[in-house]
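This report describes selected features of one protein model. The sequence and structure are shown below.

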Amino acid sequence: MGSETPVRLPVIDFSKPDLKPGSADWDLVRAEVRQALEEFGCFEAKFETVPVEIRKGIFSALEELFNLPLETKLRNLSKKPFHGYVGQHPRMPLYESLGIDDANIIENVNSLTNNLWPHGNQSFSKTIQSFAEKVSELDETIRRMVLESFGLEKYMDEHMNSTNYLLRVMKYKGPQTSETKLGLKAHTDMTIVTILFQNQVEGLEVQTKDGQWINVKPSPDSFIAMSGYSLYAWTNGRLYSAYHRVMMTGNAARYSAGLFSIPKGGYIIKAPEELVDEEHPLLFKPFDQIEFLGFYNAEAGQTVQSALKTYCGV
């Protein structure tokens, strides 16, 4: 008997020339997105709208950023959990990251840049802002397709206006060993949608519904799109939100950039009545994302299997 074919994430092409609402290409891709998010909670996205020079330049920018002294990177402060500088964690010694709120807006990127480089760094700012702006187009397309696929167009404006963007840039040091070491523990993102772009150092793993961990090996120009736990809650469990982790080996550093669409503070996440019925009973009470993150980041949220179910499960 031959060996089983390894499980791979679906690959969806968003670079079709006629990918506009109402077109045959749009309807086809929309169906692929819905199926992939139901079955895997994520997929590999071909998205050529991000120019080649930006796709290449983002990793040079990240290398320059993470080479800054620790005391400089610590200036990236935020009162919001997981938004500022994260690093030097004894349980995840290979991992560090920085967050930039609404990095698609150049003034926000310049604010961070001027904080880290007192004399400015225009090249860094331009690369980061251009990357976030282009990738946000993919986020909007995915979310529009999700709502359309459920026939929930009447919620479109409210849904699209209910979020902010967080660009989280990450570095994982090579563990300098052939043994596999933990880069980032298994988790689900507390987002609407997460879009990841990585250099060609492998490490990302995604857990399937049956509990199998699969290695994610996107092409150099592809993105990984994931439905977050907030979208899982909003769709009343119709879409899957996959656990994922980073496992590192070897000497090379792994760089990645993730654009997260996150519900605004004060916005109440509530499943539309159209997605609640006898077959799909309500899973979660309405909740505020920022308030939930406060619980999730506390000891009580870190010691339970599902923080969201504990916090507001029905």
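How many bridges join S4 to strand S11, and in which direction do the two run?

## Strand S4 and its partners

The model is predicted. Strand S4 (residues 163-172) and strand S11 (residues 254-263) are joined by ten bridges and run antiparallel. In this pairing, threonine 163 stands opposite proline 263 in S11.

S4 also pairs with S3: the two run antiparallel and are joined by seven bridges. Here leucine 98 stands opposite valine 169 in S4. Nine of the ten residues of S4 are buried, so the strand is largely enclosed by the rest of the structure.

## Helix H4

Helix H4 spans residues 106-116, and Val109, Leu112, Thr113 and Leu116 are buried in it. Viewed down the axis of H4, these buried residues fall within an arc of 100°, so they line one face of the helix. An α-helix has 3.6 residues a turn, so residues three or four places apart point the same way.

The buried residues of H4 pack against helix H2 (52-66), helix H3 (70-73), strand S3 (95-101) and helix H5 (122-149). The face of H4 turned away from the buried side carries Glu107 and Ser111, which are exposed.

## A nonpolar surface patch

On the surface, Val276, Leu282 and Val314 form a nonpolar patch, with about 240 Å² of accessible area together. Valine 276 lies in the loop between strand S12 (268-269) and strand S13 (287-288). Its relative accessibility is 30%, so valine 276 counts as partly exposed, a class that lies between buried, under 20%, and exposed, over 50%.

Conventions: Residues are numbered from 1 along each chain as its sequence is written. This is a predicted model: local features need pLDDT of at least 70, side-chain atom pairs count only at pLDDT 80 or more; totals for chains, interfaces and linings use all residues. Side-chain values use heavy atoms; hydrogens and water are left out. Buried means under 20% relative accessible area, exposed over 50%, partly exposed in between (1.4 Å probe, protein chains only). Helices (H or I, at least four residues) and strands (E, at least two) are DSSP runs, numbered from the N terminus. The arc is that of the directions from the helix axis to the C-beta atoms. Contact means heavy atoms within 4.5 Å. Two strands pair if DSSP finds at least two bridges between them. Patches are made of residues with over 30% relative accessible area and no salt bridge: like charges are joined within 9 Å, nonpolar side chains (Val, Leu, Ile, Met, Phe, Trp, Tyr) within 5 Å. Accessible areas come from the Shrake-Rupley method with a 1.4 Å probe; for residues, only the protein chains shown count as cover. A salt bridge is a side-chain nitrogen of Lys or Arg within 4 Å of a carboxyl oxygen of Asp or Glu.
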